[in-house]
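Here is a friendly walk through the charged and aromatic side chains of one model. Please have the viewer open as you read.

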Amino acid sequence: MLGFLRRRKLRNLRKNTEETLVMHVGDTPESVYRFIERLIDDYRPEIIIHTGDLVDNVKLERKPELKPAYEAGLRKLARILKGSKAKLYIVPGNEDDVELVKRFFGESVVEPGSVIEINGKTLALGHTWEDVVNKNADFKLYGHNFRVIPKGLNAVLGVNFIFLPSGRVVRIDYPVGTDTARGYKLRRGL
């Protein structure tokens, strides 16, 4: 129910404002690519920021022999993101092959810890919270784990939509099963 209400809020805000819409994703397994594509089609963000681990179901850091599978997934994601016609900012993560990311995304690739300005607001971009925690910025965008920091927007927790310059944020949850596709072990309690 909460997901429906957030999407309705996002749709209403999008319809009733001239603000720039920024979409922030990260740690994306291939299983969420169609979901991301639908969000792009529905809300038409002007800017898309990916904070790393672009093919998060392929763990290159631990299994470099999976590079062909990683490249195939990266090709799919590049088609979706570049096809959106949005301005892209791509921060490589620890599971990414930086050279392949640069080959697919070119000048859209930025270093972890970069700070950009959009409509008078500053956004620090990193893969981990450590990349952005000490940056002077209105928003600190990252992913990698479940850590939450002040002024932080963590893409592991959901897709963040930021309206600028007002700074309104709407988070849309990823589909059920995303954490499993990422390879996260879920703890179960009593």
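Arg168 counts as partly exposed, at 37% relative accessibility; here buried means under 20% relative accessible area, exposed over 50%, and partly exposed in between, using a 1.4 Å probe and protein chains only. The model is a predicted one, in which local features need pLDDT of at least 70 and side-chain atom pairs count only at pLDDT 80 or more, while totals for chains, interfaces and linings use all residues. Residues are numbered from 1 along each chain as its sequence is written, and side-chain values use heavy atoms, with hydrogens and water left out.

What does Arg168 meet in a salt bridge? Its partner is Glu19, at 2.7 Å from N to O; the term stands for a side-chain nitrogen of Lys or Arg within 4 Å of a carboxyl oxygen of Asp or Glu. Glu19 lies in the loop between helix H1 (2-15) and E1, and Arg168 in strand E9 (residues 168-172), so the pair ties together parts that are 149 residues apart in sequence. Helices (H or I, at least four residues) and strands (E, at least two) are DSSP runs numbered from the N terminus. Glu19 is buried, with a relative accessible area of 11%. The charged end of Arg168 also sits over the ring of Phe163, 5.9 Å from its centre; this requires CZ of Arg or NZ of Lys within 6 Å of the ring centre and within 35 degrees of the ring normal.

## Other salt bridges

Side chains of opposite charge can pair when their charged atoms come close. The count of salt bridges comes to eleven. One of them joins Glu37 and Arg79 at 3.5 Å, N to O. Because Glu37 lies in helix H2 and Arg79 in helix H3 (residues 67-83), this pair ties together parts that are 42 residues apart in sequence. Glu37 is partly exposed at 26%, whereas Arg79 is exposed at 53%.

Lys67 and Asp97 meet in another salt bridge, at 3.1 Å from N to O. Lys67 is in helix H3 and Asp97 in the loop between strand E3 (87-90) and helix H4 (98-105), so to speak 30 residues apart. Asp97 is buried at 16% relative accessibility, and Lys67 is partly exposed at 37%. Salt bridges that share partners also join Glu71, Arg75 and Arg103 into one network.

## Aromatic pairs

How many aromatic pairs does the structure hold? There are two, where rings of Phe, Tyr and Trp (its six-membered ring) pair if their centres lie within 6.5 Å, with planes under 30 degrees apart counted as stacked, over 60 as edge-to-face and the rest as tilted. Phe35 and Tyr174 form a tilted pair, 6.4 Å centre to centre with 55 degrees between the planes. Phe35 is in helix H2 and Tyr174 in the loop between E9 and helix H6 (178-182), 139 residues apart. Both Phe35 and Tyr174 are buried.

The ring centres of Tyr43 and Phe161 are 5.6 Å apart and their planes lie at 65 degrees, so this pair is edge-to-face. Tyr43 is buried at 2%, and Phe161 is buried at 0%.

## Asp27, buried without a salt bridge

Asp27 is found in the loop between strand E1 (20-25) and helix H2 (33-43). Asp27 is buried yet has no salt bridge, and the nearest side chain of opposite charge, Arg182, is 5.7 Å away. The side chain of Asp27 does reach the backbone nitrogen of His144 at 2.9 Å.

Methods: Lys, Arg positive; Asp, Glu negative; His and termini not counted. Polar contact = N/O pair within 3.5 Å; in protein donor to acceptor, adjacent residues only side chain to side chain.
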